Amino acid sequence: MSLLNVDLGERSYPIIIRDKLLQEPSAWHSYLSSQVLVVTNETLAPMYGQSLQEDLRAAGLEQVELIALPDGEAYKTLETVNRIFDVLLEKRFNRKATLVALGGGVVGDMTGFAAACYQRGVNFVQVPTTLLAQVDSSVGGKTGVNHPLGKNMIGAFYQPQCVVIDLCVLDSLPERELSAGIAEVIKYGLIYDATFFDWLELNMDKLVARDHDALAYAIEKSCHTKALVVAEDEKESGLRAILNLGHTFGHAIEAHMGYGEWLHGEAVGAGMSLACDLSVRLGWLDESVKTRADVLLKRAGLPVHSPEGMQPADYLKYMAVDKKVLDKKLRLVLLKALGEAVVTEDFDHAALDETLKTYCQP
Ligand SMILES: NC(=O)c1ccc[n+]([C@@H]2O[C@H](COP(=O)([O-])OP(=O)(O)OC[C@H]3O[C@@H](n4cnc5c(N)ncnc54)[C@H](O)[C@@H]3O)[C@@H](O)[C@H]2O)c1
Ligand SMILES: [Zn+2]
């Protein structure tokens, strides 16, 4: 078992990583109160939710309820969060309630937001079930929902009591979702940890084959890096922005394609390839790093190209509205070396045009 600590003063919390944590909630039920609401979705309720509810009841907790929300990003809305409030009020949950988020980032973001709001804040525990949620969304305290006019525009910073990462749940994860999660894992190597990137090159086949030991190590390293960056910059004023490597390009791809066509991690995979290419063109990064990144992304089952038909103007249109454009200047996360990222608006835009041209077929 591996135990990490996210160091945020009095809001610090542990991340527990192990096999079979869902089957054995005794390993973490000390983080729960006597009133628990398990929040999950309709896909995961029959797979993991109902048995967790039974096990927690058997462990002697006073009240354990479950709500299964509709599955999908389209339901990450205030209306859906309101359904969580309905159950909390109907079942008379008090301020000592604990919400357990059992699911991917969609469930985690909504449950955390509901926990931040219900009676001005109740406890919550993250039980992330996608690799992306395990290495990214469950760590860092960003919670929230989408608005018809913008993704993740309504939300709060709110930290959980504990993050419970059971490696066994990854066995049922669809292959594309696994690859999408690996994109964020590769990101940590590129922005912060060259030694970890070397390790990924040696172990990518094991990760893709869902070897639990390899996954445990990769998840631990990823959470460790995210936790370090978040501890230094909890409210995203500076350093935390490096976690967005590949994301400005990626968001443009997601928006151009319509959300859901390319998974977020797939768009970020391609986006990181573009960011590396631009870094090379600017003379900041050795070409060999870009080649290694592309090879690793491909081995993870990720695209290193633009969607068919997407043009430079499409990128620029969406990149201009990306929230990382401050004072009308386009800010990008680029690499100075393997394991070393910079956030800058100070780059030659002609090089960006060249990169976009190279990645877009006329
Ligand atoms: N809060 C943050 O810091 C942060 C960071 C990154 C992403 N996000 C958010 O996370 C969301 C994406 O999360 P995601 O990629 O986990 O997607 P998701 O939550 O939609 O899950 C993907 C799909 O996999 C299914 N699934 C989940 N676990 C499974 C399992 N173990 N076995 C089988 N199927 C399973 C889900 O039901 C869903 O259909 C987005 O809304 C994004 O905005 C938040
Ligand atoms: Zn991401």
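Gln35 is buried, with a relative accessible area of 6%, where buried denotes under 20% relative accessible area, exposed over 50%, and partly exposed the range in between (1.4 Å probe, protein chains only). The structure is a predicted model, in which local features need pLDDT of at least 70, side-chain atom pairs count only at pLDDT 80 or more, and totals for chains, interfaces and linings use all residues. Residues are numbered from 1 along each chain as its sequence is written, chains are lettered from A and ligands numbered from 1 in the order in which they are written, and side-chain values use heavy atoms, with hydrogens and water left out.

Gln35 belongs to strand S3 (residues 35-41); helices (H or I, at least four residues) and strands (E, at least two) are DSSP runs numbered from the N terminus. Residues up to four places away in sequence being set aside, Gln35 touches Gln63, Lys91, Arg92, Phe93, Asn94, Lys96, Ala97 and Thr98, contact being defined as heavy atoms within 4.5 Å. A polar atom of the Gln35 side chain lies 3.0 Å from the backbone oxygen of Arg92. Arg92 itself is located in the loop between helix H2 (78-90) and strand S5 (98-103). Although Arg92 is not a glycine, its phi is positive, at about 55 degrees. In contrast to the buried Gln35, Arg92 is exposed, with a relative accessible area of 71%.

A positive phi of about 60 degrees is also found at Arg210, again not a glycine. Arg210 is placed in the loop between helix H6 (194-208) and helix H7 (212-232), and is buried, with a relative accessible area of 18%. Helix H6 also contains Phe196, which counts as buried at 1% relative accessibility. Apart from neighbours within four places in sequence, Phe196 is in contact with Val185, Tyr188, Gly189, Tyr217, Ala218, Lys221 and Ser222. The C-alpha atoms of Phe196 and Ile186, ten residues apart along the chain, are separated by 8.7 Å.

The domain assignment divides the chain into domain 1 (2-171) and domain 2 (175-359), with bounds taken from an automatic or database domain assignment. The contact between them takes 25 residues from domain 1 and 27 residues from domain 2. The centres of the two domains, taken over C-alpha atoms, are 27 Å apart. About 2400 Å² is buried between domain 1 and domain 2, and carbon and sulfur atoms give 66% of this area; buried area is the accessible area (1.4 Å probe) that two parts lose on being put together, summed over both. In domain 1, Leu131, Val135 and Phe157 lose the most area to domain 2, together 23% of what that side buries.

Across this interface the rule finds one salt bridge, defined as a side-chain nitrogen of Lys or Arg within 4 Å of a carboxyl oxygen of Asp or Glu. Asp136 pairs in a salt bridge with Lys226, the closest N and O atoms being 2.8 Å apart. Seven residue pairs, both members at pLDDT 80 or more, are in polar contact across the interface of domain 1 and domain 2; such a contact is a pair of N or O atoms within 3.5 Å, where within protein one must be able to donate a hydrogen and the other to accept it, and residues adjacent in sequence count only if both atoms are side-chain atoms. On the side of domain 1 that touches domain 2, strand S1 (2-6), strand S2 (13-18), helix H4 (131-137) and strand S8 (150-157) each supply at least two residues. H4 gives the most to that side, with five residues.

By the salt-bridge rule the count comes to 15. Arg176 forms a salt bridge with Glu266, with the closest N and O atoms 2.8 Å apart. Because Arg176 lies in helix H5 (residues 175-192) and Glu266 in helix H9 (residues 264-281), the pair ties together parts that are 90 residues apart in sequence. Arg176 is partly exposed, with a relative accessible area of 45%, whereas Glu266 counts as buried at 9% relative accessibility. Within helix H5, Glu184 and Lys187 lie three residues apart, about one turn of the helix, and their side chains meet in a salt bridge (2.8 Å, N to O). Both Glu184 and Lys187 are buried. Lys290 likewise forms a salt bridge with Asp294, the closest N and O atoms being 2.7 Å apart.
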